[in-house]
Amino acid sequence: MTDAGFILGSYAITFGSILIFTWRTIRSGRNLSDGMSDEEKPWL
Amino acid sequence: MTLDPPSTVSTTSRRGTATAATRAVGVLTIVMIGWLGVFGLLLSPADRDQGDAVRIMYVHVPSVWLAYLAFIVTALASAVHLFGKSHSMQADRVAGASAEIGVVFMAVTLVTGMLWGRITWGVYWQWDARLTTTALLFISYIGYLAVRGLEGSRSQRARRSAIVGLLAVLEVPLVHWSVKLWRSLHQEATVLGTDLDVSLDGLMLFSLFVGVVAFTLLFLWLLLHRSRVLTMIDLSAETGLDAALAQRRAEGGVTA
Amino acid sequence: MSTPDLTPRPEQSPKRQRRRIMPAVVLALVVVAGGVVITQALSTAVDYYCNVDEVGERSGCDTGRRLRIQGTVGEGTVVAATGATLFDIRFNGASMKVEYAGEPGGIFKECLPVVVHGVFDESSGMFLGDRVEVKHSEDYVAVNDDRLEEAEADSAACDSSA
């Protein structure tokens, strides 16, 4: 594969960004939900 | 500084923002992203002129698709907030969550596009119509997120950002058709062009399709979780205020 | 002691203020960045973008100024000279000789559409390029397609623009 660094790099950046963003979302969701009862969560 | 958690927290509190539906979408997303990696990097062929650089397309195009989708959802939710009778705060939160997701994937689009440009054009960046309008779109939505955080009451902020959300989305068609409007170095749209004659090899098209499906599912998953997080931020801001007031009253010797 | 003290607390207000100032700072930066992007785009796009057949024909595409010329690199015309690359670019039946100082980057090769930045040299009749960009077409063709078919398509692509 020519330019493998660029190609694999672009996949790494894409999937890495997805992982970081997903992880942050899950984490903030957990932290915030800790102080709340289920009655306060409209999605449940 | 930290307030003690309210004593009313019930023992049935479930952690996080997941539901059965989001878990199902999440599992599907992971599977599709796995397939995207397999098709994009292994199964799809190299391009005659671009060589393996064409593989970057399978993450670049779905990223920009997701960003467009996110900004359109922001605009729709903004319209629901602004023109709906109830001025729904939930709509405002969906708009905000969607814009956050869109900005992340716009950044991914720009970076992967630059890497692709370096290989095929020989330069990372060109001030050409498509690239310039894309950069402006990215910057505009950072501005939108900044507007959301500006000073003001909750309803003021929601109203302001809804107006910005409706204006900023006008850039999306401008970016998409910039290659037709102005002479540009960037190639014209291959799949979402005006004619339905798709000039793309079968397996290449399929890889792109896998990417678009994977990223659409990812958007759905992120939007559900992100807007739930924003709901809790709003709730804790309200209850935080109530708790602070209660505390002051207690200190002042007043029983509420 | 009967009225509750509802004045803001000193230790809480600086944090709240910082949180509200940040978006305003970001917004100011966004406006500045937007201005920079627009001016950059406008100042670097001043060279008229012309197709080969429009040079000297279309208004703005005069030979006395810096131009960006789009055309397809002619088949068999690429010659590597010392410190320069010579090739023809063709578009819609018209052809132009290009002398590019250096070796073009990217995926430059025969039969691909390119954009050459430079000035027209009246004495030699050559377009002196100082920048070549490969304009990729919106066609994607798998490399492992039938070789014969590929060669035919390749020459056909060259013929149509020559």
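Analyst: Let's start with the pair itself: α2(B) and α3(B) are roughly antiparallel to each other, because their axes cross at roughly 160° and anything over 145 falls in that class. Keep in mind that this is a predicted model. The two axes come within 7 Å, and the crossing is left-handed. Sorted by class, the contact of α2(B) with α3(B) has 18 nonpolar, ten polar and one charged residues.

Now for the chain around that pair. Chain B has eight helices and zero strands, so its element order, read from the N terminus, is simply α-α-α-α-α-α-α-α. Of the 256 residues in chain B, 47% are buried. If you take the contacts in chain B with a separation of 6 or more, 77% of them come from residues 24 or more positions apart.

Helix α8 of chain B spans residues 202-251, and Ile233(B) lies in it. For a sense of distance, the C-alpha atoms of Ile233(B) and Gly40(B) are separated by 38 Å, and the two residues are 193 apart along the chain.

Across in chain A, Trp43(A) is worth a stop. Trp43(A) sits in the segment after α1 (4-34) of chain A. Leaving out residues up to four places away in sequence, Trp43(A) touches Thr19(B) and Arg228(B). Trp43(A) is partly exposed too, because it has 13 C-beta neighbours inside 10 Å. Between the C-alpha atoms of Trp43(A) and Ile13(A), 30 residues apart along the chain, there are 32 Å.

Chain C gives you some strands to look at. Strand β4 (residues 84-91) of chain C pairs with strand β2 (residues 67-73) in the antiparallel sense over two bridges, and Val73(C) has Ile89(C) in β4(C) as its bridge partner. Strand β3 (residues 79-81) of chain C also pairs with β4(C) in the antiparallel sense, over three bridges; here the bridge partner of Ala80(C) is Thr85(C). The hairpin of β3(C) and β4(C) has two residues between the strands, and Gly83(C) takes a positive phi near 70° in it. Then β4(C) pairs with strand β5 (residues 94-100) of chain C, antiparallel again, over seven bridges, with Arg90(C) standing opposite Ser95(C) in β5(C). The hairpin of β4(C) and β5(C) likewise has two residues between the strands, and in this one Asn92(C) takes a positive phi near 50°.

Key: Residues are numbered from 1 along each chain as its sequence is written. Chains are lettered from A and ligands numbered from 1 in the order in which they are written. This is a predicted model: local features need pLDDT of at least 70, side-chain atom pairs count only at pLDDT 80 or more; totals for chains, interfaces and linings use all residues. Helices (H or I, at least four residues) and strands (E, at least two) are DSSP runs, numbered from the N terminus. A residue is buried if 20 or more other C-beta atoms lie within 10 Å of its own, exposed if 12 or fewer, and partly exposed in between; C-beta atoms are placed from the backbone. Two residues are in contact if their C-beta atoms, placed from the backbone, lie within 7 Å. Two strands pair if DSSP finds at least two bridges between them. Axes are lines fitted to C-alpha atoms, for helices over the stretch in contact, and angles run from 0 to 180 degrees between N-to-C directions. Angles under 35 degrees count as roughly parallel, over 145 as roughly antiparallel, 65 to 115 as roughly perpendicular and the rest as oblique. A crossing is left-handed if the near helix is turned anticlockwise from the far one by less than a right angle, and right-handed if clockwise. Ala, Val, Leu, Ile, Met, Phe, Trp, Tyr, Cys and Pro count as nonpolar, Asp, Glu, Lys and Arg as charged, and the others, Gly among them, as polar.
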